[in-house]
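Hi,

Here is the structure we talked about. My notes on one helix pair and one further residue follow below it.

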Amino acid sequence: PSSIKDAYGALGMNAGVAIDTREVGNDAAKQVVLKNFNQITAENDMKPEYWYNDAHEFSMPENAKTLLHFAADNGLAVYGHVLAWHSQTPDWFFQADENCADQNPTAGVIEGCALASKDQMLERERAHIENVAKAIADEFGKFGSDTNPIKAFDVVNETINDGDSPETNGMRNSLWYQITGEDYIDKSFEYANQYLNGEYAEPGVTHPVTLFINDYNTDSAGKLGRYQSLIKRLVERNVPFDGIGHQMHIQLTTSTANVENALETMSAFGKKQAITELDVATGTPVTQAKLVEQGQFYYKMNQIIKEQQEKHHQFFSVSVWGVNDGRSWRNSEGAPLLFNDEYQAKPAYTGFIGDK
Ligand code: XIL
């Protein structure tokens, strides 16, 4: 294959990359994106906090608009990220009186402010999801129309606790969870389905947006088990979700057998799956030997994805979390991506397209 998208397109899945407006404004980065990928995720620009100004008024973030137009103009799919998350969400979202808090997005408890009630939170989330759907449909046409590039969305992100926590049934004890229990998950999917795949969907197009739950460290047995338990409950409750996301922020010391086990375990649900945020840190210092080892690691990832796809045909997409090392949120952990800062393909690239 002569590009990442050829390699994964041949397997029947999209090849994605996280970008922000810096890639769109940089010719070299843009060329790498267009040559190699047929899907983008907004690394930050579509997260809840960016849709609100200081007066808490809703509008589409300019940067999100730029990214979505870039995708629409170049025939790239967009994997939306993200509707409900404990992080990068305005503080006021969680308060009974939204004027008790400013926009500071720490999503924490604020002294002197009472937390929102469950009804208030669910209504805020409903309105948020409707507004996002409507703003995108107003600018790009309805979901499923030729001009709207959104094909998938992370509806909820990072809902599972990192450690064992029977007291929260394995769930992250976020303000979302403290206020609504698991209802915010069920409701977010119901709203996303209602708006993205219903009210704001192109008439005659069935279910244009694949709705994902997403989480990290699914290669660790404990986290995988807790994620699996939640997904069982969602299935039992008939929650309208379509796909299971694995972020895969991993490193050379990660066991690829555990990566394979995460995908194999989740395949039993018969849903779509996606690797949503892949990066593989080498550790520091970054040496030539480490970069070669990283190439082998990415090759192994390619082989696992291929085998899983041949077996289960569930992959929606596989996405890397950034174009080049210098732009990676994990660059300090060692050159995690496929291209270096001169936009040259690393051994990681060669491995990831499936060449040894
Ligand atoms: C990260 C971005 O890459 C950073 O630029 C930002 O400062 C923090 O968020 N899980 C997710 C992503 O779902 O949204 C996170 O992205 C990485 C972890």
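Helices α5 and α7 are roughly parallel to each other, since angles under 35 degrees count as such. The axes of α5 (residues 118-140) and α7 (residues 183-199) cross at roughly 30° and come within 9 Å. Axes here are lines fitted to C-alpha atoms over the stretch in contact, with angles from 0 to 180 degrees between N-to-C directions. The crossing is right-handed, meaning the near helix is turned clockwise from the far one by less than a right angle.

On the α5 side, the contact (C-beta atoms within 7 Å, placed from the backbone) includes M121, L122, E125 and I129. On the α7 side, it includes Y184, K187, Y191 and Y195.

This is a predicted model: local features need pLDDT of at least 70, side-chain atom pairs count only at pLDDT 80 or more, and totals for chains, interfaces and linings use all residues. Residues are numbered from 1 along each chain as its sequence is written.

More on α5. Its buried residues (20 or more other C-beta atoms within 10 Å) include H128, V132, I136 and F140. The buried residues of α5 pack against α4 (62-74), β3 (77-84), β4 (150-157), α6 (175-180) and α7. After α5 comes G141, with a positive phi near 85°.

Elsewhere, Q303 sits in helix α10 (residues 288-312). Q303 has 14 C-beta neighbours inside 10 Å, so it counts as partly exposed, between the buried cut-off and the exposed one of 12 or fewer. From Q303 to E260 is 43 residues in sequence and 9.8 Å in space, C-alpha to C-alpha.

Best wishes

Definitions and conventions. Helix = DSSP H or I, 4+ residues; strand = E, 2+ residues; numbered from the N terminus. Parallel < 35°, antiparallel > 145°, perpendicular 65-115°, else oblique. Contact = placed C-beta atoms within 7 Å.
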